[in-house]
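User: I would like to learn how to read the features of a protein model. Please give the general idea each time, then the case at hand.

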Amino acid sequence: MRGAQNRAAPLFFLADLEYNMIIGTYGLTQNRSVKMLLEIGKAKVEVTQSGSGARACLLLHGWGCSAQMMENVRGALDGQMRVAAIDFPGHGKNGKSAPPPEPWGVPEYMEMTAEVIRRLSLAPCDIVAHSFGARVAILLAAEHPELVGRMVLTGAAGIKKPQSERATAKQTLYKGLRGAVNLAEKTHLFGSLPERGREALVQRFGSSDYRALSPEMRKTFVKVISLDLTDRLDQIKAPTLLYWGAQDTETPLWMGQLMSERIPDAGLVVEPGAGHFAYLEHSARFLRILHSFLLEGRE
């Protein structure tokens, strides 16, 4: 049945073939990496594959990043397993990849990722995910447990931060000013002033991530951060390793501790002094932990 589905699905297109010299933690290896452009629905998704073996691993990068941010992981694993790295629509290639065909939330990114796994016959695959990529992985593991082996989540997003009184007041002010701008636009008396005013509000009140986005990707950003995945954590069946920077300010340590408590089969490793990109700041240690969790003692 799966083979029939694959034949009916749109084929991938080979973008290029690279021959890379990759220095991993466990020595120098020569690996061919194949870049493919998959058509999934109306979205175009770039995937880089390398390595071989009976088991597979999928790498999911963070918000606004690209598969290149996971190169240290790919280089450490693809000597012993198949490794695929996704460039999420609207993110990869330094944010220059094609955005989703319409504003997406986490469920749409998750279903796209599930289809990549099916299309490339990776299931059940291990997953290594950072930040936004971990949002997608959490929902994927909860919704499609048959597609997931083990997971390593680092600086995982998906839990909403409690809003401070100051943030609430700021949001109330923003909504009031935005309402005035929208009213001015409806009167058609102020030319392009409402549009300029709306962008001024974004620059004044929006987060740095939000300000950097195109108007279309801002809609996706709002949908993504609006979904709280806390209630999905106890539905995860996959053995899960959480790797966290003790000084992470984007996804504070308490989030990792909560995930460790709520995911049934989870363990938390805390990296002292590290921030949101702990897996890069302490790459050698992270890759040793990764190797032990994903490869040692498994047939």
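Analyst: Start with the naming of elements: helices (H or I, at least four residues) and strands (E, at least two) are DSSP runs, numbered from the N terminus. This is a predicted model, in which local features need pLDDT of at least 70, side-chain atom pairs count only at pLDDT 80 or more, and totals for chains, interfaces and linings use all residues. Residues are numbered from 1 along each chain as its sequence is written, and side-chain values use heavy atoms, with hydrogens and water left out.

User: Where does H144 lie? Does it count as buried or exposed?

Analyst: H144 is in the loop between α5 (132-143) and β7 (148-154). Buried means under 20% relative accessible area, exposed over 50%, and partly exposed in between (1.4 Å probe, protein chains only). H144 has 13% relative accessibility and therefore counts as buried.

User: Which residues is H144 in contact with?

Analyst: Contact means heavy atoms within 4.5 Å. Apart from neighbours within four places in sequence, H144 is in contact with M110, E111, A114 and R118.

User: Now take a residue in a helix. What does N72 touch?

Analyst: N72 sits in helix α2 (residues 71-77). Its relative accessibility is 18%, so N72 counts as buried. Not counting residues up to four places away in sequence, N72 touches Y279, L280, S283 and L287.

User: And for a strand, where is the place of M151?

Analyst: M151 belongs to strand β7. M151 is at 0% relative accessibility and so counts as buried. Once neighbours within four places in sequence are left aside, the contacts of M151 are I127, A137, A141, I236, A238, P239, T240, L241 and F293. From C-alpha to C-alpha, M151 and V128 are 5.9 Å apart in space, while 23 residues separate them in sequence.

User: How are aromatic pairs read, and how many does a search of the whole structure find?

Analyst: A pair of aromatic rings is described by the distance of the centres and the angle of the planes. Rings of Phe, Tyr and Trp (its six-membered ring) pair if their centres lie within 6.5 Å; planes under 30 degrees apart count as stacked, over 60 as edge-to-face and the rest as tilted. Searching the whole structure gives nine aromatic pairs. In the pair of Y243 and F286, the ring centres are 4.9 Å apart and the planes stand at 55 degrees, so the pair is tilted. This pair links distant parts of the chain, with Y243 in strand β8 (residues 240-245) and F286 in helix α12 (residues 283-294), 43 residues apart. Y243 and F286 are both buried.

User: Which residues form one aromatic cluster? Over the face of which ring does R150 lie?

Analyst: One aromatic cluster is formed by W63, F88, W104, Y109, F132 and F221. For the other case, a charge sits over a ring if NZ of Lys or CZ of Arg is within 6 Å of the ring centre and within 35 degrees of the ring normal. R150 lies over the face of F293, 5.3 Å from the ring centre.

User: Next, helix packing. At what angle do α4 and α5 pack?

Analyst: Axes are lines fitted to C-alpha atoms, for helices over the stretch in contact, and angles run from 0 to 180 degrees between N-to-C directions. Angles under 35 degrees count as roughly parallel, over 145 as roughly antiparallel, 65 to 115 as roughly perpendicular and the rest as oblique. The angle between α4 and α5 is about 70 degrees, and their axes are 9 Å apart. That makes the two helices roughly perpendicular. On the α4 side the contact is made by V106, P107, Y109, M110, T113, A114 and I117; on the α5 side by F132, R135, V136, L139, L140 and E143. By class this contact has ten nonpolar, one polar and two charged residues, where Ala, Val, Leu, Ile, Met, Phe, Trp, Tyr, Cys and Pro count as nonpolar, Asp, Glu, Lys and Arg as charged, and the others, Gly among them, as polar.

User: At what angle do helix α4 and helix α9 pack?

Analyst: Helix α4 (residues 106-119) packs on helix α9 (residues 215-226) at about 95 degrees, with the axes 8 Å apart. They are therefore roughly perpendicular to each other. V106, E108 and Y109 of α4 make the contact with M217, T220, K223 and V224 of α9. The classes here are four nonpolar, one polar and two charged residues.

User: Finally, the backbone. Which peptide bond is cis? What is phi of S121?

Analyst: The bond from A123 to P124 is cis, with omega near -10 degrees. P124 is in the loop between α4 and β6 (125-130). S121 is also found in the loop between α4 and β6. Phi of S121 is near 55 degrees, a positive value in a residue other than glycine. The relative accessible area of S121 is 41%, so S121 is partly exposed. S131, in the loop between β6 and α5, also has a positive phi, near 55 degrees. S131 has a relative accessible area of 11% and is therefore buried.
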